[in-house]
Amino acid sequence: MKTYDMLIVGGGISGLSMAHYALRSNWRSAVLEATPEVGGLLHTTHFEKTDFWLELGGHSLFNSYRHLLGILKDVEQLEQVQKKTGLSFQLWQQNMLSSIPSQLSFPRLLLNIPKLFITRKNGLSVAQYYRKVVGDYNYEHVFRHAFNAVISQPADAFPADLLFRKKPRDKTQPRSMILTQGLQSIAEAIIGQNNFECLTGTEIKAITYQEGLFELTDQQNKKYYSRTLTLATPVATTVSLLKTAFPQLCESLQHIPSANIQSLGVLVDASAVSLKPVGGIIATDAAFYSVVSRDPLPNERYRGFTFHFKPQIDEKTRINTVCKVLNITPEQILQQKTRYSSLPSLGAGHHQNLAHLQKNLDSLPLALTGNYFYGLSIEDCVSRSMMEYQRLQTFLDN
Ligand SMILES: Cc1cc2nc3c(=O)[nH]c(=O)nc-3n(C[C@H](O)[C@H](O)[C@H](O)COP(=O)(O)OP(=O)(O)OC[C@H]3O[C@@H](n4cnc5c(N)ncnc54)[C@H](O)[C@@H]3O)c2cc1C
């Protein structure tokens, strides 16, 4: 019976960052990933017979992603970092594009902005905090939609302090960046390291814990054993995997709902689109939250756009919307890829729930990581993994 020091369930950035730290500590560890590929919500799609790729999930990095940048350095991927060119975002409103400043009320902004220095985010939702500091008008007309676009779901009830969590910046790196090979290449670089064990196509169905040993069972009834365990799965999966062995942990997690997103990436001939290069598009009253463009990393022949649609928008509406926004016909879409994903919808009481969860977790050789702790961003995931890695050291390094 092979016994690992640490098994890690889930091969998204949360699980892979934990596995990266485990590898550096020489722990016998392995990642168990349900799908054939690692990356999870970092999903770079490569279009057939072209050199063109598009991000269908996470797309942008910032110089406040210091834990992630540390990993990029370890796996020699820092040379992939490219500064995001200063392309602006546009608003899509009443079937037309307009600039963001044209929709803002500057007098109202100036009137409210002093509140920025006296209003604390703690305990307030995004709507409560930003209505105060930008004014109701600006919030309704612009900011609300921009925030919905950032987290691909309605942002009103999201905790204000978790939307843009303050983190120290690495000023040697550009403020906003992309990777020349796409973000999924981070995942591939991590698993490409010597002695890294990753079992894709392995969906964990059940977990038990007895006498200091975790037993995991996959979809083919194969068993895996380990002294410590990391669950880096979406929150709903984590709850369902924990409910037999650790029902007390589920109490804090089971009320976190998830929001579904349908992302449609389209490849078009550059000559077919008259739209000037854009960083992205934010919708105020449409079937989608945002469009992320590949224009910051231009290609001579093609342009690519990922539309992040609200849930339950049918395929015909999605294609019609893409054509309307880009002012093209369906025939001008050369290739397309759809990806369904979900993100946690954090809300009121989240911090109290987390504190309760952590209290129950602290004495266990079990780590929980993911985007349902400190925020949805990639760095929020990696910094959670780092904290849990440090906590589990006491179980393994003695
Ligand atoms: C459209 C979109 C755009 C985004 N843009 C950005 C951005 O620009 N910048 C940014 O910082 N963040 C962005 N994010 C957020 C960020 O990408 C995610 O929060 C982060 O990648 C989540 O990583 P994770 O590892 O926690 O979860 P996931 O990536 O969801 O990984 C979980 C993994 O667990 C696996 N799994 C599930 N169940 C099992 C099981 N039973 N057994 C084994 N494996 C299992 C899944 O297959 C998956 O691979 C974006 C997210 C979305 C959806």
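Colleague: In this predicted model, is Asp-156 buried, partly exposed or exposed?
Modeller: The relative accessible area of Asp-156 is 26%. Buried requires a value under 20% and exposed a value over 50%. Asp-156 therefore falls in the class between them: partly exposed.

Colleague: With which residue does the side chain of Asp-156 meet in a salt bridge at 2.6 Å, N to O?
Modeller: The partner of Asp-156 at 2.6 Å is an arginine, Arg-144. Asp-156 lies in the loop between helix 6 (136–151) and helix 7 (160–163), whereas its partner lies in helix 6, so the pair ties together parts that are 12 residues apart in sequence. The residue asked for is Arg-144.

Colleague: Which residues are linked with Arg-144 and Asp-156 in a network of salt bridges?
Modeller: In the model as a whole, the count comes to 16 salt bridges. The network that holds Arg-144 and Asp-156 also contains Arg-131, Asp-136 and Glu-140.

Colleague: How many residues apart in sequence are the parts tied together by Arg-391 and Asp-362?
Modeller: The side chains of Arg-391 and Asp-362 meet in a salt bridge at 3.9 Å, N to O. Arg-391 belongs to helix 13 (residues 378–396) and Asp-362 to the loop between helix 12 (350–361) and strand 19 (366–368), so the separation of the tied parts in sequence is 29 residues.

Colleague: What is the relative accessibility of Glu-388?
Modeller: Glu-388 also forms a salt bridge with Arg-391, at 2.8 Å, N to O. Both residues lie in helix 13, 3 residues apart, about one turn of the helix. Arg-391 is buried at 13% relative accessibility, and Asp-362 is partly exposed at 42%. Glu-388 counts as buried, with a relative accessibility of 1%.

Colleague: Why is strand 17 (residues 302–309) described as largely enclosed by the rest of the structure?
Modeller: In a regular strand, side chains alternate between the two faces of the sheet. Both faces of strand 17 are covered: Tyr-302, Gly-304, Thr-306 and His-308 are buried on one side, and Arg-303, Phe-305, Phe-307 and Phe-309 on the other. Strand 17 is largely enclosed because its buried residues number 8 of the 8.

Colleague: Which residue of strand 17 is the bridge partner of Ser-263?
Modeller: Strand 14 (residues 258–269) and strand 17 run antiparallel and are joined by 8 bridges. Strand 16 also pairs with strand 17 in the antiparallel sense, over 5 bridges, and there Phe-288 has Phe-309 as its bridge partner. For Ser-263, the bridge partner in strand 17 is His-308.

Colleague: With which residues is Ser-290 in contact, leaving aside its neighbours within four places in sequence?
Modeller: Ser-290 lies in strand 16 (residues 288–293). Its relative accessible area is 6%, so Ser-290 is buried. With those neighbours left aside, the contacts of Ser-290 are Ala-149, Ile-281, Thr-306, Phe-307 and His-308.

Colleague: What distance separates the C-alpha atoms of Ser-14 and Ala-232?
Modeller: Ser-14 is found in helix 1 (residues 13–24) and is buried, with a relative accessible area of 6%. Beyond four places in sequence, Ser-14 touches residues including Ala-232, Thr-369 and Cys-381. Ser-14 and Ala-232 are 218 residues apart along the chain, yet the separation of their C-alpha atoms is 5.7 Å.

Colleague: How far from Cys-198 is the nearest cysteine sulfur?
Modeller: A disulfide requires two cysteine sulfur atoms within 2.5 Å. The count of disulfides comes to 0. For Cys-198, the nearest cysteine sulfur belongs to Cys-381, at a distance of 17 Å.

Colleague: What is the relative accessible area of Glu-211?
Modeller: Glu-211 is found in the loop between strand 11 (204–210) and strand 12 (213–218). Its phi is positive, near 45°, in a residue other than glycine. Glu-211 is exposed, with a relative accessible area of 84%.

Methods: Residues numbered from 1 in each chain as written. Predicted model: local features only at pLDDT ≥ 70, side-chain atom pairs only at ≥ 80, totals over all residues. Heavy atoms only, no water. Helix = DSSP H or I, 4+ residues; strand = E, 2+ residues; numbered from the N terminus. Buried < 20%, exposed > 50% of the residue type's maximum accessible area, 1.4 Å probe, protein only. Contact = heavy atoms within 4.5 Å. Pairing = 2+ DSSP bridges. Salt bridge = Lys/Arg side-chain N within 4 Å of Asp/Glu carboxyl O.
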